Amino acid sequence: MVVGSMVIPKYSDPKTIYTPKDIQFDMLSEHGVNLTYMQAWRAKEKALQFLRGYYADSYSKLPSYLYILEKTYPGSVVKLKKTDDDCFLYVFVVICTSISGWNYCRPVVVVDGTFLKSAYRVIMLTTNTMDAAGTILPLAYVVVDSEQFKLAYGERANMCHIWTNIRAKFKKGHLKLSELYFATARSYTLDEFNERMSKIEEIDPRVKAYLYDIGYHKWSRVHAMVNKTWTMTSNIAESLNVVTKYTRELPIVELLEYMRTLLERWTKEKLLKVKGTFTYLGYKFNKELDDNRTLSHKLRVRASADYIHTVIDGVRRYIVCLENKKCSCGQFQLDELPCPHALAALRQRDESFEEYCSPYYTRANLLRTYEIPVNPMSDESKWNVPQHITEEVVNPPKGGKR
């Protein structure tokens, strides 16, 4: 048991990598005990079992956990679905903070799915969006179908979803193709897009055919039916996957609790940060605006009409229409933030930039996104759960163990 007591603290954080070889080394250096690899491996397994419990037992704790979750966060959407013989089918969690914050974020949702590494074959789906700081706002998590998502958030005008399978496919492939794909996805104009697609075709015509069959509107910013701005080309899913990478081995209740504490921590950190900054825009978009402003200083402007300007950048000319918030470079209208050419025109007119930025990028929206705190949940020993909830049966998934 000396081994177990030493090992357990090392696994309290699921992101900790503590291998049997590490255990062998620690036992020898700290206690003078020489363990075989199998002894160390068994010690690790026992410690994990003691710390996290059995996977099957975690399913039986679901009703009580979800009951307390709803009581702690009124207005949340929590659903547990079982088969007729009480086998787990799916669980769906949306904390009320996310529901409230969603109203102040662009209605673009990034959906990502991954197989969990637990004893049972289940998939974790996460749906996320980008807040006014350009960071992740988790919306819903764990096992969910699209109908349950609609019940929680409803439908908003111009709402769209971004699935990440195309991005992942190219990230793992040919390096030059991967770079070209992301550059093509980020293109602001059709000319840029077509030029980059021609380069993709030169490398491998099958890739161009594949992307065409998928539909350009699903992955290309310039072809998108709804303006997704930076969300289209951000790494929201990849960033969240890095954070949750080592939690996929947790039993289901512990996984749900990890996601809740993640939202609790992020909400506090983001609110604290935004209260300490006083720029008109959130961090990411304020930095982008500053970069564009720097570039704008080398440009020359010719006013053609009240709101239409010709902006000269070296040998190239761009047409800026401030009234319609458009520029021939494509950035102004697709980013919904003044591009360098638009900022040069605004400076010529001695006009401020604020009304030309999307409200989804503002500090005011960021404050509203996180105005409802995610308070800690009470310790399990203090839970007051009705008997009919504690007696509810939830068996592991029918698929059985891996």
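Helix α5 (residues 62-72) packs against helix α13 (residues 252-275) at an angle of about 20°, and their axes are 10 Å apart. The model is predicted: local features need pLDDT of at least 70, side-chain atom pairs count only at pLDDT 80 or more, and totals for chains, interfaces and linings use all residues. Side-chain values use heavy atoms, without hydrogens and water, and residues are numbered from 1 along each chain as its sequence is written.

**α5 and α13**
- α5 and α13 are therefore roughly parallel (angles under 35 degrees).
- Leu 62, Tyr 65, Leu 66 and Leu 69 of α5 make the contact (heavy atoms within 4.5 Å) with Ile 252, Val 253, Leu 256, Glu 257 and Arg 260 of α13.
- Seven residues of this α5 and α13 contact are nonpolar, none is polar and two are charged.

**α14 and α16**
- Helix α14 (residues 283-296) and helix α16 (residues 340-348) have axes that come within 8 Å and cross at roughly 70°.
- α14 and α16 are therefore roughly perpendicular (65 to 115 degrees).
- From α14, Leu 289, Asn 292, Arg 293, Leu 295 and Ser 296 meet Pro 340, Leu 343, Ala 344 and Arg 347 of α16.
- The contact of α14 with α16 has five nonpolar, two polar and two charged residues.

**Sheet**
- Four strands (DSSP E runs of at least two residues) form an open antiparallel sheet, ordered β7-β8-β9-β10.
- β9 (residues 316-321) runs antiparallel to β10, joined by two bridges.
- Cys 321 has Lys 326 in β10 as its bridge partner.

Technical notes
Axes fitted to C-alpha atoms, helices over the stretch in contact; angles between N-to-C directions. Parallel < 35°, antiparallel > 145°, perpendicular 65-115°, else oblique. Nonpolar A, V, L, I, M, F, W, Y, C, P; charged D, E, K, R; others polar. Pairing = 2+ DSSP bridges.
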